[in-house]
Amino acid sequence: MFDVNLIIKSLPMLLQASVWTVIYSLSSVAIGFCIGTLVCAAGLSSSRLGRGFSAFYVSFFRGVPLLVQLLISYYCLPLIGVNVPSSVAAVGTLALCTGAYLAEILRGGFLGIPPGLIEAARMVGLSRAKILTRIEVPLAVRLTLPSLVNETTMMVKASSLISVVGVLELTRLAQNIATSTFQPLEIYLTAGAIYFVINGAITLVGGFAESRFRLEKAR
Amino acid sequence: MKTLTRRSAVTNALRVAALGAVASLALSGAALAEDLLAKAKAKGELTVGTELQFAPFDFVEDGKQSGMNKEIFAEIGKELGVKVTFLDLPWPSVLPGLEAGKFDMVAGPATITKARMERYRFTSPIANATVAILKKKGDASITKPEDIAGKKVGSAKATAQLAQLQEFSKTLPTPPTIQEYVDFSQSYADLGAGRIVAVANSLPNIAYLAKTKPDVFEVVEPPFGKPVYFGFIGSKSEDAKSLMDAVDAVLIKMKHDGRLAALQKKWFGTEMSTPDQVTEASF
């Protein structure tokens, strides 16, 4: 009963949809990384307000299921006058959510930076922003690369949820084809294989970056 | 009930979440008051929410939307002078999206039931949704719906079709064993594999399946369920009234000039007579 022809026929469409999966998940990780850096910096700052905001942000976006966050941003925000299109709601929510996780990952990296380095940077007169972008973030990224890669692969998989706000991506198209052809097995296996390849590629790039930026070499 | 929705855990989570969204929507009351028809005409675009997993009404063929909805709405768009844009969402998100004003109306279609009529306004029905039996091609042991007595029959969880099957089973001397599936496609697969001998679902859906796979499936006539109809869905609010009236006028016109019958013939393989308006649902 296994229909190879159906796979061959659907593969171009599924690959097209998987491009959207990659675009949505990687752009949300990129935006989320900036959010995460700021939230993390606020959490480690001496400002009480900053620490409070950071703690609240992380606990909200980590504590509420992503699915519910998506539904809120799409269906509830219009009521307070914020009517965003599907794709914006999808990328925005994914970015805000992953930002919370990335902030926590980066916090581990920031705390691993020897305080002497920061003191030295301050001594040579670098501004706070420069210290953050030139010293702390690069070092924190190096220290936390495996976890960052892990979070990126998690977001690729999490992007399968965004169809609830009317965005087409790999999982949604696979479901649509499966129910239209009444042959779910072949389609879902193919979709699963595509996710596996995408995440395999991300892991490979991560592994390469890890060996390239190993801290021992940098020293 | 158009609940061709599956993946129990995910779906249930989604339902709960969607319900939550609806509840909060209901609490905050009506949002923007603007006549939908005037707005669509000004914009030149009518936005319709639907789910592309409900053949023969809405499904995917070669990566594109196909089915009866697209063709009916093409006629509606022509008559109203607007372009029709479809938005595909999982069914549990479709009705909350209508209430949040994300689209002007919903295609679906959905079975016109009493409970739904309380909350939504249905268009003039476009098809008969009465539940019938689908069997394996050439199965001589089932020639009428009553023949499923004592046999193993499938339907989809939490659907109006299942509810009707259960009601019908009680009237039989030996009730059939009912196997509940997360979605209808799995029940068709099991019927094909011989794990069950029949599937109960709305007539247009199984008629389409029997038409696309004539050497595998066959419909058992007549339908056994209470007579119900499929209609498109809109909001009951004041700003949706002129739009829904206009859509109704087009659909009724299509019924009288034979365009709807032609589409029914094309997609179900048979014509179906439907009333101009369902004022009271039987279910």
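**Figure 1. Order of the elements in chain A of the predicted model.** From the N terminus on, chain A runs α-α-α-α-α-α-α-α-α. The chain holds 9 helices and 0 strands. Its C-alpha trace spans about 70 × 50 × 20 Å along the principal axes. Of the 219 residues of chain A, 40% count as buried. Among contacts in chain A with a separation of 6 or more, 79% join residues 24 or more positions apart.

**Figure 2. Confidence along chain A.** The mean pLDDT of chain A is 91, and 97% of its residues score at least 70. Among the elements of the chain, helix α2 (residues 48–63) of chain A has the highest mean pLDDT, 95. Helix α9 (residues 215–218) of chain A has the lowest, with a mean of 58. Where pLDDT is low, the predicted coordinates should not be read in detail.

**Figure 3. Packing of helix α6 against helix α8 in chain A.** Helix α6 of chain A covers residues 128–158, and helix α8 of chain A covers residues 184–212. Their axes lie 10 Å apart and meet at an angle of about 165°. Angles over 145 degrees count as roughly antiparallel, and α6(A) and α8(A) are therefore roughly antiparallel to each other. The crossing of α6(A) and α8(A) is right-handed.

**Figure 4. Residues in the contact between α6(A) and α8(A).** On the α6(A) side, the contact is made by Leu145(A), Pro146(A), Val149(A), Thr152(A), Thr153(A), Val156(A) and Lys157(A). The α8(A) side supplies Tyr195(A), Ile198(A), Asn199(A), Ile202(A), Thr203(A), Gly206(A), Ala209(A) and Glu210(A). Sorted by class, the contact of α6(A) with α8(A) comprises 8 nonpolar, 5 polar and 2 charged residues.

**Figure 5. The side of chain A that touches chain B.** The contact between the two chains takes 20 residues from chain A and 30 residues from chain B. Two helices of chain A, α3 (66–76) and α7 (170–181), each supply at least two residues of the side that touches chain B. Of the elements of chain A, α7(A) gives the most to this side, with 6 residues. By class, the residues of chain A that touch chain B divide into 14 nonpolar, 6 polar and no charged.

How values were computed
Residues numbered from 1 in each chain as written. Chains lettered and ligands numbered in written order. Predicted model: local features only at pLDDT ≥ 70, side-chain atom pairs only at ≥ 80, totals over all residues. Axes fitted to C-alpha atoms, helices over the stretch in contact; angles between N-to-C directions. Helix = DSSP H or I, 4+ residues; strand = E, 2+ residues; numbered from the N terminus. Parallel < 35°, antiparallel > 145°, perpendicular 65-115°, else oblique. Left-handed = near helix turned anticlockwise from the far one by under 90°. Contact = placed C-beta atoms within 7 Å. Nonpolar A, V, L, I, M, F, W, Y, C, P; charged D, E, K, R; others polar. pLDDT = per-residue confidence, 0-100. Buried ≥ 20, exposed ≤ 12 C-beta atoms within 10 Å, placed from the backbone.
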